[in-house]
Amino acid sequence: MAEDLTVIAGSRQEQYLSLIPQIRALLEGEEDLVANLANTAAALKEQFGWFWVGFYLVRRDELVLGPFQGPVACTRIRKGRGVCGSSWAQEKTLIVPDVEAFPGHIACSSLSKSEIVVPVIRHGEVVAVLDVDSEMPDHFGPTDQQYLEEIVSLITF
Ligand code: SME
């Protein structure tokens, strides 16, 4: 596997196109889930500098904090609660341009202004979610959805 990351400047799409083969290389030949989630979160944080990037894992009837990069965060989220629990319940990616306008948003940090949550679905079941927070409002859009969904599809659960 590659052990260093080349970070580039460019459009959001150019950044993803540079990053995705590098994430593939990081995941190649490694089957440990924690290692792969940790490196995926780190690679996203390093390229984009987002405020918070990490995974919550489905454990019975709640999400439990997994590997992440950023400030400490709430450890458990129930299904249907917050953006993460809603993405799990609805089994779809949620883009929240203004977290304060999202009913039930769980504020792990008041600095987070917008958010995207991508569910990881395996054999028809949500097994985890990828959560990304930005300090800037309205920071995520369809390009992020497309490429973050591709990135989570690369991880073997
Ligand atoms: N804001 C999330 C909680 C997780 S933290 O942002 C890291 C939510 O509403 O589900």
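Which residues does isoleucine 155 touch, not counting residues up to four places away in sequence? I looked this up before anything else. Isoleucine 155 touches Leu27, Leu33, Leu37, Thr40, Phe55 and Arg122. Contact here means heavy atoms within 4.5 Å.

**Ground rules**

I am working with a predicted model, in which local features need pLDDT of at least 70, side-chain atom pairs count only at pLDDT 80 or more, and totals for chains, interfaces and linings use all residues. Residues are numbered from 1 along each chain as its sequence is written, and side-chain values use heavy atoms, with hydrogens and water left out.

**Entry: isoleucine 155**

I located isoleucine 155 in the segment after α4 (142–153). I then checked its accessibility. Isoleucine 155 is buried, at a relative accessible area of 2%. Buried means under 20% relative accessible area, exposed means over 50%, and partly exposed lies in between, with a 1.4 Å probe and protein chains only. I also looked up one distance. Glutamate 31 is 124 residues from isoleucine 155 along the chain, yet their C-alpha atoms are separated by 9.1 Å.

**Entry: overall layout**

I counted four helices and six strands in the protein. Both come from DSSP runs numbered from the N terminus: H or I of at least four residues for helices, E of at least two for strands. Along the sequence, I read the pattern α-α-β-β-β-α-β-β-β-α. The radius of gyration is 15 Å, close to the 15 Å that the globule rule gives for 157 residues, so the protein is as compact as a globular protein of that length. That radius is taken over C-alpha atoms, and the rule is 2.2 Å times the number of residues to the power 0.38. Along the principal axes, the C-alpha atoms fill a box of roughly 40 × 35 × 25 Å. Buried residues make up 48% of the 157. I also took the contacts between residues at least 6 apart in sequence; 52% of these join residues at least 24 apart.

**Entry: α1 and α2**

I compared the axes of α1 (residues 12–27) and α2 (residues 33–48). They come within 10 Å and cross at roughly 155°. That makes α1 roughly antiparallel to α2. Angles over 145 degrees count as roughly antiparallel, under 35 as roughly parallel, 65 to 115 as roughly perpendicular, and the rest as oblique. The axes are lines fitted to C-alpha atoms over the stretch in contact, and angles run from 0 to 180 degrees between N-to-C directions.

I listed the contact next. From α1 come Arg12, Gln15, Tyr16, Leu19, Ile23, Leu26 and Leu27; from α2 come Asn36, Asn39, Thr40, Ala43, Leu44, Gln47 and Phe48. These residues divide into eight nonpolar, five polar and one charged. Nonpolar covers Ala, Val, Leu, Ile, Met, Phe, Trp, Tyr, Cys and Pro; charged covers Asp, Glu, Lys and Arg; the others, Gly among them, are polar.

**Entry: asparagine 36**

Is asparagine 36 buried or exposed? Asparagine 36 is buried, with a relative accessible area of 4%. Its contacts, not counting residues up to four places away in sequence, are Leu26, Leu27, Glu30 and Glu31. Serine 112 is 76 residues from asparagine 36 in sequence and 25 Å away in space, C-alpha to C-alpha.

**Entry: α1 and α4**

I turned to the other partner of α1. α1 and α4 pack at about 5°, with their axes 11 Å apart. That makes α1 roughly parallel to α4. In this contact, Arg12, Gln13, Tyr16, Leu17, Ile20, Ile23 and Arg24 of α1 meet Thr143, Asp144, Tyr147, Leu148, Glu150 and Ile151 of α4. The residues divide into seven nonpolar, two polar and four charged.

**Entry: α3**

How many of the nine residues of α3 are buried? I found seven, so helix α3 (residues 82–90) is mostly covered. The buried residues are Gly82, Val83, Cys84, Gly85, Ser86, Ser87 and Trp88. They pack against β1 (52–59), β2 (62–69), β3 (76–78), β4 (94–96), β5 (114–122) and β6 (125–134). Glutamate 91 follows α3 and has a positive phi, near 55°.

**Entry: positive phi in loops**

I looked up histidine 123, in the loop between β5 and β6. Its phi is positive, about 50°, although histidine 123 is not a glycine. Histidine 123 counts as exposed, at 84% relative accessibility. Aspartate 138 lies in the loop between β6 and α4. Its phi is also positive, near 50°. Aspartate 138 is exposed, with a relative accessible area of 57%.
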